[in-house]
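Subject: Structure for your review

Dear colleague,

Please find below the structure that I am handing over to you. My notes on it follow.

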Amino acid sequence: MKPGTAGIAGKISDGSGACSGMRKTGKIDYVEFPASDMEVTKAFYTKAFGWRFTDYGAEYAAFSDAGLDGGFFISTGPIGRASGDVMSGALVVLYSSDLEATKAKVEQAGGTITKPVFSFPGGRRFHFEDPNRNELAVWSDLAP
């Protein structure tokens, strides 16, 4: 599940754009990990931990029943090491009820936008690097 799809089921909105008890601007909401073989990865986490998966094409599978929603994406680079422009580690995804305002705050704080705002099934997001070159993303299920 990409952020903003089935994971939002059962959460109650308070009208502010944030879901009560769970989704709040600036809080960790979702995490993505690289995988070189999606089927092997899904089989491992299902067998070892009982995680459930939803496929979104051949290159992305979302997981649930893991304590925090997230997904695996196909990576062709070395996993766990920096590899030029290829993200090779976990991607922590924060939520925002106002994506543009959060993007401005990231830039004002010294972050570098690595992927401008883009749409995906379930919402929109952008990626940035912090001053240590850690890549994170921020997403929203709300229209601008």
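Which exposed residues are carried by the face of H1 turned away from its buried side? They are Glu 39, Val 40 and Lys 47. Here, exposed means over 50% relative accessible area, buried under 20% and partly exposed in between, with a 1.4 Å probe and protein chains only. Helices (H or I, at least four residues) and strands (E, at least two) are DSSP runs, numbered from the N terminus.

Before going further, please note that this is a predicted model, in which local features need pLDDT of at least 70 and side-chain atom pairs count only at pLDDT 80 or more, while totals for chains, interfaces and linings use all residues. Residues are numbered from 1 along each chain as its sequence is written, and side-chain values use heavy atoms, with hydrogens and water left out.

Helix H1

Helix H1 comprises 12 residues, 38-49. At 1.5 Å a residue it should span 16 Å, and its end C-alpha atoms are 16 Å apart, which agrees; the expected span is 1.5 Å times one less than the number of residues. The buried residues of H1 are Met 38, Thr 41 and Lys 42. They cover an arc of only 95 degrees around the axis, which puts them on the same side of H1; the arc is that of the directions from the helix axis to the C-beta atoms. Their cover includes strands E1 (28-35), E2 (52-55), E3 (60-64) and E4 (70-74), where contact means heavy atoms within 4.5 Å.

At the N-terminal end, H1 is capped by Asp 37, with a side-chain oxygen 3.2 Å from the backbone nitrogen of Glu 39. (A polar contact is a pair of N or O atoms within 3.5 Å; within protein, one must be able to donate a hydrogen and the other to accept it, and residues adjacent in sequence count only if both atoms are side-chain atoms.)

Gly 50 follows H1 and has a positive phi, near 75 degrees. Gly 50 is placed in the loop between H1 and E2 and is partly exposed, at 41% relative accessibility. Leaving aside residues up to four places away in sequence, Gly 50 touches Tyr 45 and Asp 65.

Helix H2

In H2 (residues 99-108), the buried residues are Leu 99, Thr 102 and Val 106. Seen down the axis, they fall within an arc of 65 degrees, so they line one face of the helix. Lys 105 and Gln 108 are exposed on the other side of H2. Strands E6 (112-120), E7 (123-129) and E8 (135-140) are among the elements covering the buried residues. Just after H2, Gly 110 has a positive phi of about 105 degrees.

Aromatic residues

The whole structure holds 14 aromatic pairs. Rings of Phe, Tyr and Trp (its six-membered ring) pair if their centres lie within 6.5 Å; planes under 30 degrees apart count as stacked, over 60 as edge-to-face and the rest as tilted. Phe 44 and Phe 49 form an edge-to-face pair, 6.2 Å centre to centre with 80 degrees between the planes. The rings of Phe 49 and Trp 51 have centres 6.0 Å apart and planes at 35 degrees, so this pair is tilted. Phe 44 is partly exposed at 46% relative accessibility, Phe 49 is exposed at 53%, and Trp 51 is buried at 14%. Ring pairs link Phe 33, Phe 44, Tyr 45, Phe 49, Trp 51, Phe 53, Phe 63 and Phe 72 into a cluster.

With kind regards
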